[in-house]
Amino acid sequence: MNGQAITPSPEMLPAIPGHSSAHPPRPAIPTVGLVNGFFEWFGGLGTFSWRVLRAAVTPPYEWRELIRQLDEVGSQSLPLVALAGAAVGAVLSMEVRSSMARFGATSILPSAVVYSVIQEMGPTITGLVVSGRVGAGIGAELASMKVTEQIDAIEVSAINPYRFLASTRILACILMLPLLTVAADASGVLMGWVAQTLVQPISFHQFIVTGFAGSTLKDFLPPTFKTAVFGLIIGLVACFQGMRTRGGAEGVGRAATNSVVLASLFVILADVVLVKLILVVFQ
Amino acid sequence: MATALETPTSLQDPEEHSRPSVVAVEDLFKAFDGQVVLKGIGLTVRRGETLAVLGRSGTGKSVLLRLIVGLETPDSGSVCINANSIAALSLDGLNAVRMKMGFLFQHAALYDSLTVGENVAFPLEHHRRDLSKSERGERVNQLLAEVGMEGNLDKMPSDISGGMQKRVGLARALALEPEILLLDEPTAGLDPISSGEIDELVLKLQRERQMASIVVTHDLHSAKTIANRLAILDQGSVIVEGTFDDLQQSTIPFVQEFLSHS
């Protein structure tokens, strides 16, 4: 133990007039650390985004890896997203029906279900489901590659990891989210009709005609395409968390968890902004 | 594989000494979080020469390799590859230099989602687009045969031993026919027979390809076998550099202690 620094305990410190030794002043360091960490994280994200953007727009393009990621993000997430959309559609139909029945307005139920699913529930649920499945997958995969020096191995092979790993995954998320949203919307509307027709039979054709009555493309396209922004957020946050990982298996777990938590949080926050933006621009 | 190891060609020929340095490291400093790891390192390696960098764990041997390949940037000092400072290069320029280097990581760092064959083919797919699929396959087979891993093409990295992973890592490092080979602890964690096989492989490559190699290791026996010159690092500085005989004659207490414990 010779030469080891001894950290004085509060009891060892000389008494300071005006301060009770039993309650030493609490240092402000945790708050400072939190603020520093906040700016450091966003600064790092900004630098990371710039590197990815620069890598993505300059050749050579990684078409094969992009197609692999489109499959990973798109077709692998399809069953889960469709199932979540179906559940939301069915629940909405049942809940809205009981509310509408109080006012004798069950005739507008198809419109209520269609608008709710397509304008808000479908996009949001798709964003959250993909945040969970794809965000955790990308975060854990890249973090594992980082701690086992596989990303370094890519770099020393003269291949830009921002292009090969990050830009392909982010682009796949941007492209696939709107398509997955369409799938969630379709299954939501379908299950909304099933839930409705079990209580009060109505043909699917009638349900759709009533549901979409008076609507235009601008009612449905902006909410669907806003999920491309969700895709950008999910891909960017997950790749950033994965590629900055440190600290072995624990770091990999932390990266996966943080990817899901942060991506979900930012998707919800972005939704608030995008909904307002869509209302201002399109209505 | 269990034949007696040959000793590396010594650089006794004066012409060999007049060859320009392929790798030249000058006055290199690097610190992490305020802790100085490298303090003014200077080393040179010529074509056909193997330099072994020895030292205790945590003395910055691996950091030195990472600086040479551009995975880290030095706080001061320079790394020159073929007389070009890598600090002055753009990313494209650095990548062009990296294509002349092969790097074997301490734990091989094979891509765990790809098979052995796909790992070796990976650099070829990205940088040798002129090769057809069959030519690439042929080249992969040839590289795997060179490291004694033929017939393991479709195995996953997790299904092969540590020694085999290092051989595959070496095949991948050689895929682009580099001029410079950087080996980070090539025999660490291997049994004596596997270590001997890796040493023999490095010697064979040195003989056949005449590459400039830097081997970071704490295995003195391996260093003595494969290297023309040895350098010992202590507390971030090169304290002695020369042939094994030079090291044995050193009066520096740390060198004597290092040699006696190895």
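**Figure 1. Strands S3 and S9 of chain B pair side by side in this predicted model.** B:Gly55 stands opposite B:Leu233, a residue of S9(B). Strand S3 covers residues 50–55 of chain B and strand S9 covers residues 229–234, and the two pair in the parallel sense over five bridges. Helix H2 of chain B, residues 61–68, packs on the sheet and touches S3, S7 (180–184), S8 (212–216) and S9 of that chain. The direction of helix H2 makes about 150° with that of S8(B). Strands of a sheet pair through backbone hydrogen bonds, in either a parallel or an antiparallel manner.

**Figure 2. An open sheet of six strands lies in chain B.** The order of the strands is S6-S7-S8-S3-S9-S10, with mixed pairing. At the edges are strand S6 (101–104) and strand S10 (237–242) of chain B, each of which pairs on one side only. From one strand to the next, the twist averages 15°. In a regular strand, side chains alternate between the two faces of the sheet.

**Figure 3. Strands S1 and S2 of chain B form a hairpin.** Strand S1 (residues 21–32) and strand S2 (residues 35–46) of chain B pair in the antiparallel sense, over nine bridges. Within this pair, B:Ala24 stands opposite B:Thr44 of S2(B). Two residues lie between the strands of the hairpin, and B:Asp33 takes a positive phi near 50°.

**Figure 4. B:Ile68 belongs to the largest nonpolar core.** This core has 136 residues, and those with the most contacts inside it are A:Ile234, B:Ile68, B:Ala171, B:Leu182 and B:Ile214. Helix H6 of chain A, residues 161–199, gives the most to the core, with 18 residues. When residues up to four places away in sequence are not counted, B:Ile68 touches B:Val23, B:Val25, B:Val79, B:Leu182 and B:Ile214. In soluble globular proteins, nonpolar side chains tend to be buried together.

**Figure 5. Helix H4 of chain B contains several buried residues.** The helix covers residues 116–127, and its buried residues are B:Val116, B:Gly117, B:Asn119, B:Val120, B:Ala121, B:Phe122, B:Pro123 and B:Leu124. What covers these buried residues includes two further helices of chain B, H5 (133–146) and H6 (162–174).

**Figure 6. Chain A and chain B are in contact with each other.** Ten residues of chain A are in contact with 15 residues of chain B. On the side of chain A that touches chain B, four residues are nonpolar, three are polar and three are charged.

Figure 7. Of the 283 residues of chain A, 43% count as buried; in chain B, buried residues make up 40% of the 262 residues. Among contacts with a separation of 6 or more, residues 24 or more positions apart account for 87% in chain A and for 68% in chain B. The C-alpha trace of chain B spans about 55 × 45 × 40 Å along its principal axes. The radius of gyration of chain B is 18 Å, which agrees with the value near 18 Å that a compact globule of 262 residues would have.

Notes. Residues numbered from 1 in each chain as written. Chains lettered and ligands numbered in written order. Predicted model: local features only at pLDDT ≥ 70, side-chain atom pairs only at ≥ 80, totals over all residues. Pairing = 2+ DSSP bridges. Helix = DSSP H or I, 4+ residues; strand = E, 2+ residues; numbered from the N terminus. Contact = placed C-beta atoms within 7 Å. Nonpolar A, V, L, I, M, F, W, Y, C, P; charged D, E, K, R; others polar. Axes fitted to C-alpha atoms, helices over the stretch in contact; angles between N-to-C directions. Rg over C-alpha atoms; globule rule 2.2 N^0.38 Å. Buried ≥ 20, exposed ≤ 12 C-beta atoms within 10 Å, placed from the backbone. Core = buried A, V, L, I, M, F, W, Y, C linked by C-beta atoms within 7 Å.
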